[in-house]
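This report describes selected local features of one protein structure.

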Amino acid sequence: MKKTLLLLALIFIVSTSFAQELSYYLPADVTYNPAIPTPEQVIGHHVGEWHVTHDRLVNYMKAIAAANPDRVKLQPMGNTYETRPQLLLLFSAKKNLDRLEEIRLQHLQLGDAAASASLNTANMPVVVWIGHSIHGNESSGVNASLLSAYYLAAAQGKKIDDLLENMVILFDPSFNPDGMQRFSTWVNQHRSKNLVTDANSREFNEVWPGGRFNHYWFDLNRDWLPGVHPESQHRLQQFQAWRPNILTDHHEQGSNASFFFQPGVPARVNPLTPEKNQQLTAAIANFHAKFLDKIGSLYFTKENYDDFYYGKGSTYPDVQGCIGILFEQASSRGHAQQTANGILRFPFTIRNQFTTTLSTLEAAYTMRKELLDYQREFFTMTKQEAGAATNKGWVIGEATDKARTGLFIDMLLRHKIEVYELNNNVSADNVNFEKGAAYLVPSNQPQYRLLRGIFDKTLTYKDSLFYDITAWTMPLAFGLPYAELTAAKYTAGLRGNRIDSVQHVAGRVRGEKTNYAYVFEWNEFYAPRLLYELADNGIMAKVCSNPFEASTADGKKKFSYGSILIPVALQKTDPDKLYALLNAAAASNGVDVYAIGTGMSVSGVDLGSASFINVGKPSIAMLVGTGVSPTDAGEVWHLLDQRFNIPVSQLESAVFNRVDLSKYTTIVMVSGNYTDLSKEKLKAWVQNGGTLICMEDAVQWVAQNGITNVTFKKIPAGIDSSVALPYASKFDREGAQLNYGGIFRATIDLTHPLFYGYQQPYIDLFKAGKTFPEKSKNPYANPASYGNTPLQSGYISKENYSAIKNSAAVIVSTVGSGRVISIADNPNFRAFWLGGTKLMMNALFFGKIIDAGSGRTEE
Ligand SMILES: [Zn+2]
């Protein structure tokens, strides 16, 4: 004990010599508990001297939690892909921490309109979530978390005691540990003893993909709603466990800017966010202004950004009785950078972030009862709205794709949305929803507003400027049949048991072991994973290009386009092993496999027909690196690696230009700029039989470089150049012509290999950017194309819409012995566009078998 005290005393003596450094950040009128380690005592450098690495950040958070258990409770949320811990620290007064679970349960009652009326909010703590640097290379937030944590653990006096007695602070030091680690490694390795401020220097110019993203190069600040990634899933679990009153989201913006905080532009707020939310955000903003005025920092509040997409951290809370707040600090990117406002130093950026944490806490303390009352009002009002709505609920589910339906329901459950089994068949909007294959989501529940944010289509907007996508209607993105139910349809008998998790439905081999053949259908989500697993085990398979009907153990069964045939006699594996392998793979992939004892079909083609075409194991490379969209490439990587267990080689242009490509059957080019790529080499590889899959503007690159002869529609300018326009209107006019993305419905050919497994004659695609291909003159080469009224949901300018109308969505081009599949849109968008997944997988597996004549055009 004595030893520890001595050590602490020594540390304290050392630290006092750095006191000047900490005093730059910390409020002057506060004393600090010497038993709590300062950041530099644990991380080994001053805050802002180097960029803190994630391991050191974790060490510090652990150290203060250990040093002051009366104020801090450390709660690991889970791990990232790269196994870094995601920490949540709970700061409060001891008397609150001692009854934390009781406080949490009482707080959650604010969301329960039946129970909340009796709550006495005058006595309840307010719950504030402080969150940092979801973009890993916007690191002033995460570095400020060292100071905020120190302040909350070590500050002494009546002010902090009052604050903690009235508040539970959920504190997330790093929203994106893998990205921030990547970035800190980059800037620290380039730091000079004499700081170099030249913006051209390598320190300020990260290599691809940069630290903004998570492991799979996703923008986690678009994933709060889809919740695809573990980082989001762990965080959402805690968000929903607490439903905070305020959530802060500390970011960085361009280096020449100042500091931004919401409320922002009123017309760019999602209409499902209540007016009162904006008023409270504005009231909180006054605290930030006051605190930043005091340290002389410039800021702006009524321009830029939007508060529209509920997948963003500062918008997601707004539809749940919470106030989400976006902070954007001008970025020093490295340690100190020359900017329009002089040299922007890293410590200065950290101080602004820390200061706005203090102002947030002061606002929460001052407005405590108001914020608690607002949350109660929000859910009371929502319940009334839900009760009055003509839509009594949604029914959703695809009987032929249990896994994709399950992934949608998983997404709903992450947001504590009430979901029930469907107890009876129901027909609505000309779709039959079957008991056991569809789910019921009642309107009358606390998350009704968020549900509308998930299910609604949006076609009218108050503003034409956006910062992100304008529509994300989830059932369309997932490609699932769904319908709203009126009171007449919504009968009591429909509602089955409430579910709290989705069970994986295992597939099986239906029928006994056979020496003849096995067949499985292509409609289930994981059918491609099953096919790849079999191919990887040396099993030979054929795809059916003509439907047939066969006798199975379940009786006569029709098999559609894309069904996969495994002829037993053609395998090198013996029938017993094959049977065992199929049983295991059918179970894990959720796909039923049918044993068939004869080649003679009941109707349609027989099993020896040439309509069954060999499908090999694809060997896939994707072009990555400078110029390529990291998120688009990451979506392909995540899709193949995480969902389908298929390896994909990541080729940089420089590598591509010097390696032997003959081992690849398939090359993927996502949206990007491919100036360094050898087009001759790529074309020769396609001509030799390769399958090239290109998407969005890569479609244009491939055409412009003479690999395909796809042509493009001209976009009307939207501006009459003979008329002078006000200079000040330029930004708004040009912004309105950008296409941040909406949902468009293309007609598809269900008999085409690229659309095997689809059930409806259409696909809803996410379309952003300006790739509008003309349809090919070959009538078989446009398996997906847009008609006259493709818009389903989202904002699109008149000019851009006219270019989308009657354009091609997918074009197949025959180039020598190879094929180029041009997909104008992004079928893999943000890993929740599961309606596009089968198109992508079909391109990978079946691109090669598309008939040559169907993709040929006359020059
Ligand atoms: Zn950001």
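## Gly496 and its surroundings

Leaving aside neighbours within four places in sequence, Gly496 is in contact with Tyr420, Glu421 and Asn423, contact meaning heavy atoms within 4.5 Å. Gly496 lies in strand E18 (residues 495-498), where helices (H or I, at least four residues) and strands (E, at least two) are DSSP runs numbered from the N terminus. With a relative accessible area of 17%, Gly496 is buried; buried means under 20% relative accessible area, exposed over 50%, and partly exposed in between, with a 1.4 Å probe and protein chains only. Lys462, which is 34 residues from Gly496 in sequence, is 40 Å from it in space, C-alpha to C-alpha.

The model is predicted, so local features need pLDDT of at least 70 and side-chain atom pairs count only at pLDDT 80 or more, whereas totals for chains, interfaces and linings use all residues. Residues are numbered from 1 along each chain as its sequence is written, and side-chain values use heavy atoms, with hydrogens and water left out.

## The zinc site

The zinc ion has as protein donors His135 (ND1), Glu138 (OE), Glu138 (OE) and His251 (ND1), at 2.0 to 2.7 Å. Donors are N, O and S atoms within 2.8 Å of the metal (3.2 Å for Na, K and Ca), and because water is not among the atoms, sites may look incomplete. The donor residues follow the spacing H-x2-E-x112-H in sequence. Angles among the 4 donor atoms run from 53 to 154 degrees, and the site is irregular.

Two of these residues are buried: His135 has 3% relative accessibility, and Glu138 has 5%.

## Strand E3 and helix H9

Strand E3 (85-91) is largely enclosed by the rest of the structure, because 6 of its 7 residues are buried. E3 pairs with strand E2 (residues 72-79) in the antiparallel sense over 7 bridges, pairing requiring that DSSP find at least two bridges between the strands. Leu74 stands opposite Leu89 in E3, and in the hairpin of the two strands, with 5 residues between them, Thr83 takes a positive phi near 60 degrees. E3 is also joined to E6 by 3 bridges in an antiparallel arrangement, with Phe91 and Ile169 as bridge partners.

Helix H9 (residues 158-165) has Ile160, Asp162, Leu163 and Leu164 buried. The elements covering these buried residues include E3, helix H8 (140-154), strand E6 (167-172) and helix H13 (346-366).

## Nonpolar cores

A nonpolar core is a set of buried Ala, Val, Leu, Ile, Met, Phe, Trp, Tyr and Cys residues joined through side-chain atoms within 4.5 Å. The largest has 172 residues, and those with the most contacts inside it are Phe408, Leu412, Phe520 and Met669. Helix H26 (residues 837-846) contributes the largest share of this core, 7 residues. Apart from this core lies another, of 66 residues, among them Val72, Leu89, Leu163 and Ile246.

Not counting residues up to four places away in sequence, Met669 touches several residues, including Leu623, Leu692, Met695 and Trp701.

## The nine-stranded sheet

An open sheet of 9 strands has the order E29-E28-E30-E31-E36-E35-E34-E32-E33, with mixed pairing. Strands E29 (648-652) and E33 (762-767) stand at the edges with a single partner strand each, so one side of each is left without a neighbour in the sheet. Strand E32 (residues 742-748) runs antiparallel to E33, joined by 6 bridges, and Thr747 stands opposite Tyr762 in E33.

Definitions and conventions: Four donors count as tetrahedral if all angles lie between 85 and 135 degrees; four count as square planar and six as octahedral if opposite donors are over 155 degrees apart and all others between 65 and 115; anything else is irregular.
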